[in-house]
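Please walk through this protein with me, one part at a time. Keep the sequence and the structure side by side as you read.

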Amino acid sequence: MRIRIIFILRNKGSYVPFHHQYLLAQLIKGILVKGGDEKFINSRLYNFSGLKGQTKISRNGLHFYSSRVTLVLSATNKEFVDYFLKHLFVFPQIDIGTMSLIPEAVEVEDKPELTDAMKYVCISPLVLVEPSFSDDRGKKFIIPTSDTFSDLLYESLMIRMEKSNIYTSEEIAEFYKFQLVPDKNYLLRIKEQQKKFARIYPLYDQDVKYEVRGYTFPFVLYAAKEVQEFIFNNGLGLYAHKGFGMLDLATADPGKGTSKYEFEGAPASNNREAGNREPNNRRSRDREVES
């Protein structure tokens, strides 16, 4: 399931780094820890986007000028989502970068129809190689059209699916079909425009800063429907719980349906009309993909 957490922005013009997943990861982890339930504190079965809203870019990062911003959070486990929201909405205000945000409401996105062949865009970068301290292995470039690229994603995915305890070993064994086919026209166009689809991003783990290479480009994924659903809900690649590897359907309607999401501790403002949002999610998504 995917939810949209809507915040009121108190200080328009405030900013976060262009890639601010590590700030959001710290916030989410802090809220999970504050809740005190070890089952959720140690969970890695969730994924999230960057902040979405009307932005302008400067040397400092992304400046937000909309009155509201949105964070998309996704997970298979509804109980996890409710736990996080319950403890998030205890805070009258949270600070991310220089932004002061007030939690206002939550909407749930309509569930898409997934098949064994889906075209995706990257909302956040795909990470394939685990970094090591004082080592550049995490920054290694791997050609997206190579078998190695698909193989690394498949290996990390199967490990995560097995650890999830959602599937039996027999079911895992049936998920052998997996092929990622990049949009070659997109990669060629990016090259011609002298833009990049692979960048180096900061990653913090156990308070240690690492650097990893992340990839953002459209692709078609051939895999079992159950695999597609797991990826859509929990992300693809390494460090999905730190905000990497979030995908969206290439054919997704930016105005796709949402409805009010009920949870314990929801504020009275959560009865605001679903879908009546100021942030331009499509613009934000395309910028992440094409930058």
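Over which residues does pLDDT stay under 50? The stretch is 280-291. For these residues the model still has 35 contacts beyond four places in sequence. Treat them with care. Where pLDDT is low, the predicted coordinates should not be read in detail. This is a predicted model, and the protein chain as a whole has a mean pLDDT of 91. Of its residues, 91% reach 70 or more.

Turn next to the sheet of four strands. Its order is β11-β14-β9-β15, it is open, and the pairing is antiparallel. β11 (178-182) and β15 are the edge strands, each pairing on one side only. On average, neighbouring strands of this sheet are turned by 35 degrees against each other, direction ignored. Strands of a sheet pair through backbone hydrogen bonds, either parallel or antiparallel.

Now cross this sheet strand by strand. Start with β11, which is joined to β14 by 5 bridges in the antiparallel sense. Here F178 has A223 of β14 as its bridge partner. Step on to the pair formed by β14 (residues 219-223) and β9 (residues 117-122), which 4 bridges join. Then comes β15 (residues 247-249), antiparallel to β9 and joined to it by 3 bridges. Y120 has L249 in β15 as its bridge partner.

A helix goes with this sheet. α7 (residues 225-234) lies across β9, β11, β14 and β15. It runs at about 130 degrees to β14. Is α7 mostly covered or mostly open? It is mostly covered, with 7 of its 10 residues buried. The buried residues are V227, Q228, F230, I231, F232, N233 and N234. An α-helix has 3.6 residues a turn, so residues three or four places apart point the same way. Just after α7 comes G235, which takes a positive phi of about 90 degrees.

There is also a sheet of 3 strands. Its order is β10-β13-β12, again open and with antiparallel pairing. The edge strands, each pairing on one side only, are β10 (126-127) and β12 (198-205). β10 pairs with β13 (residues 208-215) over 2 bridges. Within β13, Y215 stands opposite L126.

Next, a pair of helices. Two packed helices are described by the angle between their axes and the distance between the axes. How do α1 and α3 lie to each other, parallel or perpendicular? The axes of α1 (residues 21-35) and α3 (residues 78-88) cross at roughly 90 degrees. They come within 9 Å. The two helices are therefore roughly perpendicular to each other. From α1, the contact draws on I28, I31, L32 and G35. From α3, it draws on F80, Y83, F84, H87 and L88. By class, this contact has 7 nonpolar, 2 polar and no charged residues.

Finish at K163. It sits in helix α4 (residues 147-163). Is K163 buried or exposed? Its relative accessibility is 67%, so K163 counts as exposed. Compare its place in sequence with its place in space. K163 and R44 are 119 residues apart in sequence. In space, their C-alpha atoms are 9.8 Å apart.

How values were computed. Residues numbered from 1 in each chain as written. Predicted model: local features only at pLDDT ≥ 70, side-chain atom pairs only at ≥ 80, totals over all residues. Heavy atoms only, no water. Pairing = 2+ DSSP bridges. pLDDT = per-residue confidence, 0-100. Contact = heavy atoms within 4.5 Å. Axes fitted to C-alpha atoms, helices over the stretch in contact; angles between N-to-C directions. Buried < 20%, exposed > 50% of the residue type's maximum accessible area, 1.4 Å probe, protein only. Parallel < 35°, antiparallel > 145°, perpendicular 65-115°, else oblique. Nonpolar A, V, L, I, M, F, W, Y, C, P; charged D, E, K, R; others polar.
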